[in-house]
Amino acid sequence: MINGLLSGTGHWRGGLLALLLASWGGPLMASETLTVGVAAFDNPQRVAQRWQPTLDYLNQGQAQYRFELLALPPKVLEQRLAEGAVDLLIQNSVKTVQYKEKYGASRLLTAAPLWPAPANRAIGSALVMRQGEAVTDFGQLARLKAISTSAHAFGGYTVFRRELAEQGLTPKKAFRQLTFVGFPQRKLLQQLLSGEADVAILPSCLLEQAVAEREVPEGSLTVALDRRPADFPCAVSSRLYPYFAVSKLGHVSPEVATFVARRLLTMAGDAPAAQRGRYSQWTVPVDDREVYALLKAIKLWPFNTDWHHLARQALPWAGLAALILLLGYLHHLRVKALVARRTSQLTQEMTQHSATQAHLQEQRSAFYKAQRVLLTGEMASGLSHELNQPLASIRYLAQGCGYRLDGEPLDREALAEGLKRIEAQTEKAQGIIQRVKRFCARPSKLSSLALSELVTETLALMEPDLRRNRSRVRFDNRLADNLAIQGDPVLLQQVLVNLVRNALDAMAEVAEPQREVVIALTREAERVQLSVRDHGPGLAPAALDRLFLPFESSKTEGLGLGMMICRRIIEEHHGTIWAESAEPGLRVTFSIPIEENP
């Protein structure tokens, strides 16, 4: 009834249509507009003329949907796809697969060609040459001047690239000269006939159609490297691939997809839309594994990186990153201004404190020197007082023995008594020295301990020294948590403190960024090794050899006893200690046996 009403003319038809639309309300007024994108490698107007009849067929006899054609160059079409401005696609099989991977397009139907061939083996590439000049192998292509329509043409150049790739060739290596002359495709046949080119890379069946329509004299041109299957009607120089397909984007509803599929499946092969679109019918989606193999062989998306696609995806994030960087830079400028102002204030304060610090350093050095002198004097005074009496007795007894040796007759009993008293006084002096030694030496108290915990505790205690020397410590612990040794924690901590302080003193003249002490804990067989490495100037070979000798020191104020004491403590723990150049700096390492499991 609606078709009958719409078939009228003039104002009567318009008025009746308006009345009908007003009475039926929303459903007829709310038709959904859907855009159908087609990549226009050729003139967009010529592409539109090919596919617009198909869309007119979809629009005919219904008002629920309105399909509009969008014929655009491939790059522009992909921009619209990225913006979500395309609903359906009609593309060759290569673009169908690529848009599936990039934008999630789903195939609805595949077209079958006008010539008698299945939809999955419908189109390939044909190397068209003049009769009598056709080559018989790929090696003969190098001397030929080749032409094709476009570097993006599917049925022709793109398909033949796979055949070249499987021969280890590229188009530039395969042909002496390759030129893309544009559309229409049949003009390439005329250039072959005129001798402007030696070979044309064209879609299969194009030559046969031109001959049937008498555009090309029969027998004047032929297809080289023909590998046609037995059931294919045309000569072809490559594998065969699926024909065009219609796809939907992910946001399109299933109802729209169902409508499009049903409408196209009912189209007759002799319909004007089919003839204009150069297909005989639409069928269910076909196997596209050969298309993936083609893309992989010639290294096209998705088997290589599409930088344009990635750039479009990354653009919003790049903008956000640029905004963050701009805000960060503005914040940096603000902080820089505040730092400059505060630095000016601190410079004045540091200038005032520098003199005070230098004075305090001088007083501290004088105090340490006086302390050492006092300690030395006290020890010397004590030893002198304690040893004076036995030494004096030994002297007098030795003189008495001498007198008795000179006397006549020799008094052996008196001489033996004198020597016995000398021995007693010697033992008394030895006892005094032993008491002083016991007073100075603390007896070791061995216990199970973890060196990693000892290092952590020691560094915490030395934090003020590190700040004062403007140095940093890097602790490289490569030991298991349950690894322990038998040792005296106080004595081992004295060793570690002495090694770290020596490292800090060695870097006193080094630039601040290089003032780093590296403490490393490693395991070597059944022993634990702890090394302390500085980045100072190091020691000369001669000084390195005498490092653990008493009263040997590279410091102007050193007594030369610290490293000797460290060696005694480590040896008491059944360990060894040694030093070596680290280039730059010095590395001092000691090794202690691991505690045996009970």
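The model is predicted. One disulfide is counted in it, under the rule used here. Helices α6 and α13 come within 10 Å of each other, taken between their axes.

**The disulfide**
- Cys205 and Cys234 form a disulfide, with 2.0 Å between their sulfur atoms.
- The link of Cys205 and Cys234 is right-handed, with 105 degrees about the S-S bond.
- The pair joins distant parts of the chain, 29 residues apart. Cys205 sits in the loop between β8 (199–203) and α10 (206–212), while Cys234 sits in the loop between β9 (221–224) and β10 (245–248).
- Both Cys205 and Cys234 are buried.

**Helices α6 and α13**
- Two packed helices are described by the distance and the angle between their axes.
- The axes of α6 (residues 93–103) and α13 (residues 289–297) cross at roughly 85 degrees. Angles of 65 to 115 degrees count as roughly perpendicular, so α6 is roughly perpendicular to α13.
- On α6, the contact is made by Ser93, Val94, Val97, Gln98, Lys100 and Glu101; on α13, by Val291, Tyr292, Leu294 and Leu295.
- The residues of this contact comprise six nonpolar, two polar and two charged.

**Asp488**
- Asp488 lies in the loop between β14 (485–487) and α18 (489–506).
- A relative accessible area of 1% is under the 20% cut-off, so Asp488 counts as buried.
- A polar atom of the Asp488 side chain lies 3.0 Å from the backbone nitrogen of Val490.

**Two further cysteines**
- Cys401 is buried, at a relative accessible area of 7%.
- Cys566 also counts as buried, at 3% relative accessibility.

Methods:
Residues are numbered from 1 along each chain as its sequence is written. This is a predicted model: local features need pLDDT of at least 70, side-chain atom pairs count only at pLDDT 80 or more; totals for chains, interfaces and linings use all residues. Side-chain values use heavy atoms; hydrogens and water are left out. Axes are lines fitted to C-alpha atoms, for helices over the stretch in contact, and angles run from 0 to 180 degrees between N-to-C directions. Helices (H or I, at least four residues) and strands (E, at least two) are DSSP runs, numbered from the N terminus. Angles under 35 degrees count as roughly parallel, over 145 as roughly antiparallel, 65 to 115 as roughly perpendicular and the rest as oblique. Contact means heavy atoms within 4.5 Å. Ala, Val, Leu, Ile, Met, Phe, Trp, Tyr, Cys and Pro count as nonpolar, Asp, Glu, Lys and Arg as charged, and the others, Gly among them, as polar. Buried means under 20% relative accessible area, exposed over 50%, partly exposed in between (1.4 Å probe, protein chains only). A polar contact is a pair of N or O atoms within 3.5 Å; within protein, one must be able to donate a hydrogen and the other to accept it, and residues adjacent in sequence count only if both atoms are side-chain atoms. A disulfide is a pair of cysteine sulfur atoms within 2.5 Å.
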